[in-house]
Amino acid sequence: MIEFGALLSVNAGRAAPMNVQDDTVITGFDKRPIAAEGRIQAGGLVGDDHVDDAADPDRAVLLYQRRHYEAWSRELERELPPGMFGEQLTIDGPAEDEILIGDRLRVGDAVLEVTQPRIPCRKMAVRLNEPDMPMRYLRSGRVGFFCKVLRPGTVRAGDRIELLDHGPDGLTVAELARILHRDEPDPGQLTRVLSATALPGLVRAKLSRLADRLVTRAHSWSGDRPLVVAARARQGHDVMVLDLADPDGERLPDFEPGQFLTLVLDVPGVDRPVVRTYTLAGRSADGLGYRVAVKREPAPPGSVDVRPGLASGHLHDTIAVGATVVARAPRGRFVLRPGRRPVVLLSAGIGITPMLAMLDTLAAEDRDPARPARDGYFVHVTRSSRELTFREHVRAVVAGRPGLHSHLLFSRPQPHDVPGRDFDTAGRLTPATLDRILPTFDADFYVCGPVGFMADVITGLLDRGVSRDRVHYEFFGAATTLFGADESTDSGPEARDDEGRPILVTFARSGITVPWRSGSFSILALAERAGLRPEASCRTGLCNTCVTRLDDGEVDYVIEPMDVVTPGKVAVCCARPRTSVMLDL
């Protein structure tokens, strides 16, 4: 056994409301020394309310060193009582670069194991009345550390702390802190840290997700990439199909069926690039490139300062074969998921595009022994043959694999449209139509099209007993929830930019757009109210967990991030849009 230090104070706090960033949270951060001995159990210190970490045994007890208190007292020019930083145990002990993850400590009768550094949170700024305290805390390296409880026991001020065993991996608390707080860590360092056997499960999961993102970037691409228009063809009267290829003829990276491609367009007469997203309809004719379908769009309803079809008109009328466009890697969460149930693809209008890639994937399942070949039902509605797109492609795919079926509806057939030849059923696609078409509702449903269409169809599916987790949908515009009351935004009026235009926040990977409102504290808060769950931790611009790519627009920071955010990215936990923005969320 090695002398590690001493326990100076045992601190506890009761859960109470705290106003943080215009939000009231319940927290036990306000801790004070207790005179009596304390009892440490698997969940932490008995009598102490640590709300945020209550369900995480790897963060049962927080320890903070006296040497740090002394440094902060000098820096802040005031005395700081034990417990001020929210720790249960104030100790006299070594610095973070001398403490290993996995170190086992005896404190009084209790045995603890060091698990991870502490990431400061926004409550620290309120407790110390120092707005930039979380940033200063993390930048100082004086972060303290969490422990899990290996053996419950009694602790009291004055107890010795003994080091029973060194951590098995040689990974210091300081080294792990540096990796956890980087948006783009060195891959070699990340691999070394992930090899540590003593990493807690949640920390390992976070680092694994970071490693997966690095691998994805390596197999895809980051930033802008030039693609060449290899072919173009009109489908229907208002859709242009573009085949996009690598300039050197290389095969473009794989994508998930349902994902979209972001194009950055230089439109004549527009002083800045126009960024738009278009769903990938599948591979190009040669199987190497991508295929997108672009519908010519009118101006948004009620707009007076936006030209009709700014981007779509450019792609229809100006971009020719051989032209170069700038693209960003495929993204999106509206994708065909693995499973065994039948798949039903329901679309209207240009909502057909993600369904095409999904249908192609279903058709290929019988060629992959690792995946069961699922039955598939492709149901599409459009006005007439004049608006119809991809009919021959769908018929060929369905005919080529048993178990696939299609049904085409025309809501307003033209006189020359013949039932049985040009379409299957006249009328709208309604839940009653599905009763006639589908043999079962025990299936996974994917829905895309105008909002009214999706709302009617999804309501009908829910009424027929289909659970929400088997209904997936995507918007092509401003989003709302289709599962009940819309709680997607903060209260307050919709904000406008310096030119009087509404500020819209597009979460590109999720395919939704919501207005920015004056009552929103940050883009992260807006995303969460829109039903998204972006990764986030500190909420004060410290840990880089929430950093994501900024595809378009400008932001301001209500809290300045501790480290300079990589150009083209944004820390959404403390950013607000200055203009309409598009984010990789």
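Why is helix α7 (residues 310–317) largely enclosed by the rest of the structure? Six of its eight residues are buried, so the rest of the structure largely encloses this helix; buried means under 20% relative accessible area, with exposed being over 50% and partly exposed in between, for a 1.4 Å probe and protein chains only.

Before selecting anything, note that this is a predicted model, in which local features need pLDDT of at least 70 and side-chain atom pairs count only at pLDDT 80 or more, while totals for chains, interfaces and linings use all residues. Residues are numbered from 1 along each chain as its sequence is written, and side-chain values use heavy atoms, with hydrogens and water left out.

**Helix α7**

Select residues 310–317 and colour the buried ones, which are Ala 311, Ser 312, Gly 313, His 314, Leu 315 and His 316. Helices (H or I, at least four residues) and strands (E, at least two) are DSSP runs, numbered from the N terminus. The buried residues of α7 pack against β14 (225–235), β15 (239–245), β16 (260–265), β17 (274–283) and β18 (290–295), where contact means heavy atoms within 4.5 Å.

**Helices α4 and α5**

Next, show residues 173–180, which form α4, together with residues 187–194, which form α5; these helices pack at an angle of about 125°, with their axes 11 Å apart. The axes are lines fitted to C-alpha atoms, for helices over the stretch in contact, and angles run from 0 to 180 degrees between N-to-C directions. The two helices are therefore oblique to each other, given that angles under 35 degrees count as roughly parallel, over 145 as roughly antiparallel, 65 to 115 as roughly perpendicular and the rest as oblique. On the α4 side the contact is made by Glu 175, Leu 176 and Ile 179, and on the α5 side by Gln 189, Leu 190, Arg 192 and Val 193.

**The six-stranded sheet**

Now select the open sheet of six strands, whose order is β23-β22-β21-β20-β24-β25 with parallel pairing; two strands pair if DSSP finds at least two bridges between them. At the edges stand β23 (425–426) and β25 (471–474), each with a single partner strand, so one side of each is left without a neighbour in the sheet. Within this sheet, seven bridges join β21 (residues 376–382) to β22 (residues 404–410), and His 380 stands opposite Leu 408 in β22.

Helix α11 (residues 451–463) lies across β20 (343–348), β21, β24 (444–448) and β25, running at about 165° to β24.

Which helix holds Met 355? Met 355 lies in α8 (residues 352–364), and at 0% relative accessibility it counts as buried. Met 355 touches several residues, including Phe 334, Leu 345, Phe 378 and Tyr 446, when residues up to four places away in sequence are not counted.

Then centre on Thr 389, in the loop between β21 and α9, which counts as buried at 4% relative accessibility. With residues up to four places away in sequence not counted, Thr 389 touches Gln 235, Gly 236, Val 239 and Ile 352.

**The five-stranded sheet**

Finish at the open sheet of five strands, ordered β27-β26-β32-β28-β30, where the pairing is mixed. Here β28 (residues 547–552) and β30 run antiparallel and are joined by three bridges, with Arg 549 standing opposite Lys 569 in β30.
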